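Me: I am new to this structure. Can you show me how to read its features, one at a time?

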Amino acid sequence: MDRNNIIGLILIFIIFGGSFYLMKPSEAEIKLEQARQDSIAMAKNGVIVNKDTSSQTVVLDSAALAQPFGAAKVAQEELITLENDILKIDLTSKGGKVKNVLLKGETNFDGSALNILEGDNNKFGFIFKAAGENINTNDLVFSVVNKTANTATLRLNYKDNQYIEYVYNLTNGHNLALNVNAVGIQNLVDVQQKTIVIDWEATLLQKEQNIKSEREKSSIFFKESNGDIDYLSESSDDEEKIDENKIDWIAFKQHFFSSIFSSKQQFENTNLVTRLATQDGVVKTYKATAELAFNAQANNHYEFNYFFGPNKYKTLKAENQSYEKIINMGWGPMGWINRFLTVPLFDWLDGYALSYGIVILLLTLLLKGAMFPLTRKSYLSMAKMRVLKPQLDAIKEKVGDDNPMLLQQEQMKLYKQAGVNPLGGCLPMLLQMPFTLAFFFFFPNLYELRGESFLWMKDLSTYDSFITFSPIMGIGHISLMCVLMTLVTLLTTWYNNATSGATSGMGNQMKYIGYIMPLLFFFMLNSFPAGLNYYYFLGAVFTLLTQFIIRQSINDDKILAKLEENKKNPKVKKKSSFQARMEEMMRQQQAAQQNKNK
């Protein structure tokens with residue numbers, strides 16, 4: 001290649017490079033082309049975008065209007081705020097649903113504002129087929145027809161005489177009424193359609209310090225048409241299809257707060273789903289779908305109501321909808337004790353505006369005082385067993401261990417002569433057990449304790465982390481109140497063993513169990529609410545004091561003298577039903593043993 005060819009090639013490259021540089025489109029031209037491509041894409045969906053420099057409006061052509069709710073697919077979202085003294089509710093035109101519910105005067109464990117429902121974590125809509133297309137109103141944009149401080153009307157238009165309208169009304173309390181008018185929609189759906197599906201989904205975010213406990217006390221509750229209240233599993237993923245009974249209301253319950261959705265027209269073929277969350281800061285996800293009766297020959301009207309508020313027994317009960325039953329008060333006798341005794345007593349004490357630490361103290365005193373006669377009877381019975389122990393040992397030495405049946409008969413004979421019921425010390429304690437267990441459900445679910453401090457405990461509704469450290473086998477803190485409760489319980493066990501001769505007759509194994517059980521309970525209760533451990537601590541202290549006082553008032557010599565007198569008194573020889581059953585059982589066992597030896 002000669003010099004002229006090289007020069008020619010260089011000139012050609014210069015010309016091409018200059019052309020690309022001089023002909024490069026400007027930024028405005030690039031944006032214009034992008035807008036043109038977007039317009040082409042929207043036109044394929046039946047939407048034509050006509051833009052001018054003044055209004056930037058969106059204009060729909062006839063093809064778009066022919067599609068069900070075509071305009072609602074591209075409209076802009078708008079927020080509407082309703083507010084009263086308790087709630088601040090943000091509605092969104094996107095889906096016409098509740099977007100955010102702020103409960104005034106409440107905060108999360110970290111001090112941030114408490115929202116019962118939050119942003120896009122809440123979905124709500126009707127699902128149906130219109131003009132051959134699947135419609136979910138949650139994904140469509142409503143237009144705002146009217147709004148005031150407490151009311152709002154949002155409309156999803158198909159045509160002027162065909163629309164779905166949501167009318168919200170916020171009352172002075174915790175309730176948000178929602179009336180739905182489906183006008184002319186029956187002309188879009190199949191004439192054979194008898195129901196319309198409603199879908200409600202929510203993701204609940206962490207509000208309490210102990211998210212593990214929060215997850216274990218959160219689930220979907222529902223009320224069936226027959227009045228029964230049921231719920232999905234609180235400890236695992238769960239799903240339930242209710243097709244035999246209609247449903248009055250559905251509650252998305254979190255530990256201390258709930259969103260409850262009720263309908264004047266009952267839900268049918270309801271399907272409920274709960275899923276435990278694995279990501280940090282998320283408690284659970286809920287999903288509820290149900291069918292509502294739909295008239296394909298006329299306009300349809302539905303009346304709903306939201307309740308947004310705390311799981312406070314008195315507040316929920318005031319709604320007269322059985323909402324209070326979403327609070328777990330325990331099963332059987334424990335539930336009855338809490339509902340009919342503990343709650344009224346607690347509310348009465350709470351009316352004096354005392355610190356909740358003092359309220360728990362007074363509540364413990366009142367209940368322990370009411371149980372004192374049973375407690376004294378129990379200790380008196382144990383004292384009788386204690387003074388009879390030398391005679392029982394003598395019987396055992398005389399009969400020996402080779403004939404346990406005869407040994408039992410001789411012991412029962414002594415009990416009958418002395419007028420002693422060997423179970424007299426256990427029965428009064430068993431009668432007190434339901435009250436002890438009832439508080440195991442009452443305090444962890446007591447909303448009033450949330451955020452309330454006492455002494456070093458910053459929040460009585462959760463554990464007091466006196467010492468924190470890197471988790472070891474899932475334990476990352478030590479609760480001081482739980483430690484104190486355990487120590488007092490161990491001290492009580494030691495005192496019982498030291499002063500009760502009857503206990504020594506049970507052998508060393510029973511003594512050791514008395515020491516092991518409080519230690520096991522420590523690991524179980526370490527992460528439980530400080531209010532519960534505080535109650536158990538007070539109960540242990542009062543139990544120790546009661547035992548000491550009763551023990552000082554009982555004279556073993558007088559009791560023994562009374563029992564010896566009973567042996568001479570024929571009136572006390574009448575058998576108790578327990579003794580009669582025991583003797584009959586022993587006779588049957590002895591007869592069976594004799595038949596076996598033949």
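Reply: Start with strand pairing. Two strands pair if DSSP finds at least two bridges between them. Keep in mind that this is a predicted model.

Me: What is the strand order in the open sheet of four strands?

Reply: The order is β3-β4-β5-β6, and the pairing is antiparallel. β3 (79-83) and β6 (113-117) stand at the edges. Each has a single partner strand, so one side of each is left without a neighbour in the sheet. On average, neighbouring strands here are turned by 25 degrees against each other, direction ignored.

Me: How many bridges join strand β4 and strand β5?

Reply: Six bridges, in the antiparallel sense, link β4 (residues 87-92) with β5 (residues 97-107). Take I89 as an example: its bridge partner in β5 is V101.

Me: Which residues does the "transmembrane region" annotation cover?

Reply: The unreviewed UniProt entry lists residues 6-23, 352-375, 422-446, 466-491 and 512-528. Now compare that record with the model. Residues 352-375 are 83% helix and 0% strand, with end C-alpha atoms 29 Å apart. Residues 512-528 are 82% helix and 0% strand, and their end C-alpha atoms lie 25 Å apart.

Me: Is I327 buried or exposed?

Reply: Buried means under 20% relative accessible area. I327 has 4%, so it is buried. It sits in the loop between α5 (313-317) and α6 (333-350).

Me: What does I327 touch, leaving out residues up to four places away in sequence?

Reply: Its contacts are N311, K312, Y313, L316, R339 and N445. Look also at Y447, 120 residues from I327 along the chain: their C-alpha atoms are separated by 9.8 Å.

Methods
Residues numbered from 1 in each chain as written. Predicted model: local features only at pLDDT ≥ 70, side-chain atom pairs only at ≥ 80, totals over all residues. Heavy atoms only, no water. UniProt positions renumbered as here; feature names shortened; annotations may be inferred. Helix = DSSP H or I, 4+ residues; strand = E, 2+ residues; numbered from the N terminus. Axes fitted to C-alpha atoms, helices over the stretch in contact; angles between N-to-C directions. Buried < 20%, exposed > 50% of the residue type's maximum accessible area, 1.4 Å probe, protein only. Contact = heavy atoms within 4.5 Å.
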